Amino acid sequence: MAVRKNQATLTAQEKRAFVNAVLALKSSGGYDSFVSTHNQFIVSDTDNGERVGHRSPSFLPWHRRFLLQFEQALQAVDPSVTLPYWDWTADRTTGATIWGADFLGGNGRSSDGQVTTGPFAYSTGNWNLTVRPDSRPFLRRSLAAGVAQLPTRAEAESVLAIAQYDAAPWNSTSAGFRNNLEGWRGVNLHNRVHVWVGGMMSTGMSPNDPVFWLHHCFIDKLWSEWQKRHPSATYLPTAGTANVVDLNETMKPWNDVTPADLLDHSAQYTYDTGF
Ligand code: CU1
Ligand code: CU1
């Protein structure tokens with residue numbers, strides 16, 4: 001059984017294995033297809049009739065499936081690797097070890113936002129952005145610039161306490177757990193973390209920054225925790241809703257998996273601890 005761990009508890013060897021698998025996927029070209037897919041689903045979320053990846057109930061199952069596919073791609077390189085998660089309620093400073101040169105590297109420099117330390121620095125030659133919003137090929141970050149504070153544990157707890165999964169009109173104005181977690185409403189958890197990191201994380205091409213996976217792994221863990229705390233609550237809407245993915249409807253781009261299929265992740269992975 002694959003166990004997903006808190007990145008703060010990884011050994012030096014586990015950090016190296018994760019980084020090396022990511023770099024191997026990048027050099028084989030596989031990594032960039034994840035960036036394209038994510039960006040395509042940001043765009044089609046607003047352009048097409050059906051909302052899938054964001055601003056809709058399937059935000060959580062869509063990313064759960066997306067992360068599973070990425071984790072399997074890493075495991076094809078190194079079967080020992082699982083996705084680590086970043087508990088940003090605990091590791092909440094620009095000096096936290098997640099930003100170390102032995103893991104994800106640090107903040108972007110002030111002149112142009114370029115990350116210059118760690119394995120994803122442009123100068124290493126290993127991390128050139130090919131799916132990118134403009135001609136700049138380097139990873140950019142501006143930690144704590146777009147918003148000063150990451151969400152707190154109390155804020156996360158307040159969202160976990162919301163008993164209903166989602167609500168009509170099933171979008172970025174909805175009440176319910178999903179939209180409060182996604183961050184269009186209320187204390188703003190997920191969206192705020194993208195803005196706090198800044199640079200590529202503030203764009204639809206956010207998977208260009210490997211911290212994307214650790215952020216979304218924690219979002220997935222919060223959903224998992226919410227499922228445990230509200231055992232009688234279910235994914236909504238269950239059926240017959242235009243323009244969003246119902247419980248038993250397949251999701252693009254896979255077309256072979258429904259939210260119902262993804263509710264129980266225990267056969268594929270577990271988390272090391274509860275929240
Ligand atoms: Cu996303
Ligand atoms: Cu996200």
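In the predicted model described here, Pro-253 is placed in the loop that runs between H7 and helix H8 (259-262). The peptide bond that joins Lys-252 to Pro-253 is cis, with an omega of about 0°. With a relative accessible area of 36%, Pro-253 is partly exposed, since the partly exposed class covers values between the 20% limit for buried residues and the 50% limit for exposed ones. When neighbours within four places in sequence are left aside, Pro-253 is in contact with Thr-37, Phe-41 and Trp-62. Pro-253 and Gln-40 are 213 residues apart in sequence, yet their C-alpha atoms are 9.8 Å apart in space.

Met-251 is found in the loop between H7 and H8 and is buried, its relative accessible area being 0%. Apart from neighbours within four places in sequence, the contacts of Met-251 are with Val-52, Ser-58, Pro-61, Trp-62, Val-245, Val-257, Pro-259 and Leu-262. From Met-251 to Ala-175, a separation of 76 residues in sequence, the distance between C-alpha atoms is 23 Å. Asn-243 is likewise found in the loop between H7 and H8, and its phi is near 70°, a positive value in a residue other than glycine. The relative accessible area of Asn-243 is 42%, and this residue is therefore partly exposed.

A cis peptide bond leads from Ala-168 to Pro-169, with omega near 5°, and Pro-169 is placed in the loop between H4 and H5. Asn-188, which is not a glycine, has a positive phi of about 70° and is placed in the loop between H5 and H6. A positive phi, near 70°, is also assigned to Gly-198, the residue that follows H6.

Helix H6 itself, which spans residues 190-197, is mostly covered, with seven of its eight residues buried. These buried residues are His-190, Asn-191, Arg-192, Val-193, His-194, Trp-196 and Val-197. The surroundings against which the buried residues of H6 pack are provided by H3, helix H4 (153-160), H5 and helix H7 (211-229). Within helix H5 (residues 177-182) lies Leu-181, which counts as buried because its relative accessibility is 0%. Not counting residues up to four places away in sequence, Leu-181 touches Leu-60, Val-159, Leu-189, His-190, Ile-219 and Leu-222. One of these, His-190, is itself listed among the buried residues of H6. The C-alpha atoms of Leu-181 and Leu-247 are separated by 19 Å, the two residues being 66 positions apart along the chain.

A further helix pair is formed by H1 (residues 12-28) and H3 (residues 59-77), whose axes come within 9 Å and cross at roughly 100°. The two helices are therefore roughly perpendicular to each other, given that angles from 65 to 115 degrees are assigned to this class. On the side of H1, the contact is made by Phe-18, Ala-21, Val-22, Ala-24 and Leu-25, and on the side of H3 by Phe-70, Ala-73, Leu-74 and Val-77. The residues of this contact comprise nine that are nonpolar, with no polar and no charged residue among them.

Helix H1 also takes part in the lining of the second largest pocket, to which it gives the most, with three residues. The volume of the second largest pocket is about 180 Å³. The residues that line this pocket are Val-3, Lys-5, Leu-10, Glu-14, Ala-17, Phe-18, Ser-80, Val-81, Thr-82, Leu-83 and Pro-84. By class, the lining consists of seven nonpolar, two polar and two charged residues, whereas the contact of H1 with H3 holds no polar and no charged residues.

Note on methods. Residues are numbered from 1 along each chain as its sequence is written. Chains are lettered from A and ligands numbered from 1 in the order in which they are written. This is a predicted model: local features need pLDDT of at least 70, side-chain atom pairs count only at pLDDT 80 or more; totals for chains, interfaces and linings use all residues. Side-chain values use heavy atoms; hydrogens and water are left out. Axes are lines fitted to C-alpha atoms, for helices over the stretch in contact, and angles run from 0 to 180 degrees between N-to-C directions. Helices (H or I, at least four residues) and strands (E, at least two) are DSSP runs, numbered from the N terminus. Angles under 35 degrees count as roughly parallel, over 145 as roughly antiparallel, 65 to 115 as roughly perpendicular and the rest as oblique. Contact means heavy atoms within 4.5 Å. Ala, Val, Leu, Ile, Met, Phe, Trp, Tyr, Cys and Pro count as nonpolar, Asp, Glu, Lys and Arg as charged, and the others, Gly among them, as polar. On a 1 Å grid over the protein atoms alone, a cavity is a set of points where a 1.4 Å probe fits but cannot get out, and a pocket is an open set with protein on both sides within 12 Å along at least five of seven lines; lining residues have an atom within 4 Å of a point. Grid points are joined across faces, edges and corners, and a volume is the space filled by probe spheres set on the points. Buried means under 20% relative accessible area, exposed over 50%, partly exposed in between (1.4 Å probe, protein chains only).
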